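Dear colleague,

Please find below the structure that I am handing over to you. My notes on its side chains follow directly after it.

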Amino acid sequence: MKEKLAAGMEANRNKWDMSNMFGKMKVNLQDQVQNLSGDNSEAYVPIIDISSLMEPSSEGRSETINKIGKACEEIGFMVITNHGVPQDVIDEMWAVTQDFFDLSEEEKAKSMTMTSDYPYGYEKGEVLSAGKDKEKGEEVERLPDFKETFTIGPSNPASGMPARIMPSNPASMSVKYDRYYSAMEELAATLLQAFAVALDMPSNWFEDRIDHHMCALRALNYPDQGGQPPLPGQTRAGAHTDYGSLTILKSGGPGLEVRKDIEGRDDWVAVPHVQDAFVINLGDLMRRWTNDKWSSTLHRVVNPPQDGRNHRRQSVAFFHNLNGDAVVSTIDSCRGEGGESKYEDIVAKDFLMMKHLASVKNVVRDEL
């Protein structure tokens, strides 16, 4: 079995021209491209207008926080609109990301290839589902996800992470990514204030746990699949949960699906693609922190339809992580009646690096 997988991986290592594989999709992906508005907060993945969070005295603030808390508890996913991030910051980041991925693979690799000492940079061959395997204590041979990524970490030396390395080509990428990263920091902090209130905690409860955070910004390119079929089981991004506190995703098209992480369930549901919105989902540390009161939900990116059109897909995810030295101990309001917790305390960085290294064990190289 291992020999067959290895042969398949080698045959497809430098090929991006694979055709589609739907799995158990229940909807037409093209129908998910929408300009949605209004209150859709009762949907499987709710769409929530968060404009009231920008105004502390807003009359609708309490209602918005209640909707956010409900989404966190029931599915761990939501789509947010009217988020306050300047459109030019988003557009400039988006354009320079496409310029970067349009470069040759050799040129992209010059930006810094991921190593065990530098968990960022350019990468092709990640297996996202391996993180979930690691959590379950399983060792499963899986094909790499059909995508390529570029990741940066924090610029704050107090984070304890290595200094940020940016490509020299495109020349403007460093400035535009720095602006977008800063905007994501602010949006995440706003969401965490709402999270705190939803958990019956003071609104500033998270502040001293994220003041020298380890947040990562990752751009993802899913090339068009227009040639021979992928190997069985190979998708754009395998089923996984994220690792940290929350994720802020800017998506360029449909393809993202979610399902509740319950044994025996296979009801994948498409996340609506809403223009100028962000998809928010919780990570495993937030689920652990809330003693499973809130959800860290399985999600994947499925292969596109084979209809002769170009289905290249781009997305950019801001993975919000805590301070590396933060100790994650069950939040008081989430403990059982006798103060019980399902989880032992854990240091944030240890947990995050364990998950990360499991997913990239086949692509990380050690420097000699």
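The charged end of arginine 164 is placed over the ring of tyrosine 181, at 4.7 Å from the ring's centre. Please bear in mind throughout that this is a predicted model. Arginine 164 also takes part in a salt bridge with aspartate 178, in which the closest N and O atoms are 3.4 Å apart. That pair links distant parts of the chain, since aspartate 178 belongs to helix H6 while arginine 164 is in the loop between strand S5 (148–152) and H6, 14 residues away. Aspartate 178 has a relative accessibility of 36% and therefore counts as partly exposed.

Arginine 300 lies over the face of tryptophan 268, and the distance to the ring centre is 4.1 Å.

Turning to the aromatic residues, a search of the whole structure gives nine aromatic pairs. In one of them, the ring centres of tyrosine 181 and phenylalanine 318 are 5.2 Å apart and the planes meet at 85°, so this pair is edge-to-face. Because tyrosine 181 lies in helix H6 (residues 173–198) and phenylalanine 318 in strand S14 (residues 313–320), the pair ties together parts that are 137 residues apart in sequence.

Phenylalanine 206 and tryptophan 289 form another edge-to-face pair, because their ring centres are 5.3 Å apart and their planes stand at 75°. This pair, too, links distant parts of the chain: phenylalanine 206 is in the loop between H6 and strand S6 (216–222), tryptophan 289 is in helix H7 (residues 284–289), and the two are 83 residues apart. Both phenylalanine 206 and tryptophan 289 are buried. Elsewhere, ring pairs join Phe100, Phe101, Tyr122 and Phe150 into a cluster.

Which residues of the largest nonpolar core touch the most other members? They are Tyr177, Phe195, Ile248 and Phe278, in a core of 67 residues. Helix H6 supplies the largest share of this core, with 13 residues. Apart from its neighbours within four places in sequence, tyrosine 177 contacts Met93, Val96, Thr97, Phe150, Ile152, Met166, Leu217 and Ala219. There is also a second, separate core of 17 residues, with Ile47, Ile75, Val271 and Val274 among them.

Finally, the structure contains 14 salt bridges, including the one between arginine 164 and aspartate 178 described above. In another, the side chains of lysine 342 and aspartate 292 meet at 3.4 Å, N to O. Here lysine 342 sits in the loop between strand S15 (327–328) and strand S16 (346–347), and aspartate 292 in the loop between H7 and strand S13 (298–301), so that the pair links distant parts of the chain, 50 residues apart. Lysine 342 is exposed, with a relative accessible area of 59%, whereas aspartate 292 counts as partly exposed at 25% relative accessibility.

Aspartate 332 and arginine 335 form a further salt bridge, with the closest N and O atoms 3.8 Å apart. Aspartate 332 is exposed, its relative accessible area being 61%, while arginine 335 is partly exposed at 27%.

With kind regards

How values were computed
Residues are numbered from 1 along each chain as its sequence is written. This is a predicted model: local features need pLDDT of at least 70, side-chain atom pairs count only at pLDDT 80 or more; totals for chains, interfaces and linings use all residues. Side-chain values use heavy atoms; hydrogens and water are left out. Rings of Phe, Tyr and Trp (its six-membered ring) pair if their centres lie within 6.5 Å; planes under 30 degrees apart count as stacked, over 60 as edge-to-face and the rest as tilted. Helices (H or I, at least four residues) and strands (E, at least two) are DSSP runs, numbered from the N terminus. Buried means under 20% relative accessible area, exposed over 50%, partly exposed in between (1.4 Å probe, protein chains only). A charge sits over a ring if NZ of Lys or CZ of Arg is within 6 Å of the ring centre and within 35 degrees of the ring normal. A nonpolar core is a set of buried Ala, Val, Leu, Ile, Met, Phe, Trp, Tyr and Cys residues joined through side-chain atoms within 4.5 Å. Contact means heavy atoms within 4.5 Å. A salt bridge is a side-chain nitrogen of Lys or Arg within 4 Å of a carboxyl oxygen of Asp or Glu.
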